[in-house]
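Here are a few notes to read alongside the model.

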Amino acid sequence: MPVRKKDAQKALQLLEEYRTKLSKTGDPHLRHSIERVINVFQSTLFQALIDIQEFYEVSLQDNENKPIEPSSIKTREPFPPVNEWNLTGPSSTTGPTETVPSANAQSNERSESKLFLSDRLEEKELGEN
C-alpha cells in the first residue's frame, strides 16, 4: 500500500501526541523509539521519497488513462548481439583513442622492469666489490 504525504503527516501527528502522553508516565525505551520514528518522518529524505512515490503513481495513472494507438508504437531494428570479449568498444568522434594494454603486454612490461632492476642491482654489487 503506497504511503501518501497526508497519511504520513497524520501518522506523525498521532506519534507526537502519543509521545507527549508517554512523557508523563512513560517507558523511556518506547519514548526513544517513537522519537526516532518521528525524526525519520520529519527528515527531508523521507519527504522526498514520498514526493517521488506520489509523482511515480501519478505518472503511471496518466499512462494508463492514455489509449495506445497502433500508429504511435514504433518498431525498430533489434540491436546486434554483443560479443563479451570485444574490449574495443564503439569508435569515438571526440578525439584520439587510446587502446587498453592487454594483460600479456602488462606482464611483459613487468618482467622487463624486473630484469632491468636486477641487472642494475647486479652492476651496483659488482661495482662495490
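Where does V3 lie relative to α1? Please keep in mind throughout that this is a predicted model.

1. V3 sits in the segment before α1, the helix that covers 5-25. With a relative accessibility of 37%, V3 counts as partly exposed, because that value falls between the 20% and 50% cut-offs.

2. Have a look at what surrounds V3. Setting aside neighbours within four places in sequence, V3 is in contact with A8, I50 and Q53. V3 and D51 are 48 residues apart in sequence, yet their C-alpha atoms are 9.8 Å apart in space.

3. Helix α3 takes in residues 44-65. Its 22 residues should span 32 Å at 1.5 Å a residue, and the C-alpha atoms at its ends are 32 Å apart, which agrees.

4. Which residues of α3 are buried? They are F46, I50 and E57. Viewed down the axis of α3, these buried residues fall within an arc of 40°, so they line one face of the helix. On the other side of α3, the exposed residues are T44, L45, I52, F55, Y56 and N63.

5. How many aromatic pairs does a search of the whole structure find? The search finds one. The ring centres of F41 and F46 are 4.9 Å apart and the ring planes meet at 25°, so this pair is stacked; planes under 30 degrees apart count as such. F41 and F46 are both buried.

Technical notes
Residues numbered from 1 in each chain as written. Predicted model: local features only at pLDDT ≥ 70, side-chain atom pairs only at ≥ 80, totals over all residues. Heavy atoms only, no water. Helix = DSSP H or I, 4+ residues; strand = E, 2+ residues; numbered from the N terminus. Expected span 1.5 Å × (residues − 1). Buried < 20%, exposed > 50% of the residue type's maximum accessible area, 1.4 Å probe, protein only. Arc of directions from axis to C-beta. Phe/Tyr/Trp six-rings, centres within 6.5 Å; stacked < 30°, edge-to-face > 60°. Contact = heavy atoms within 4.5 Å.
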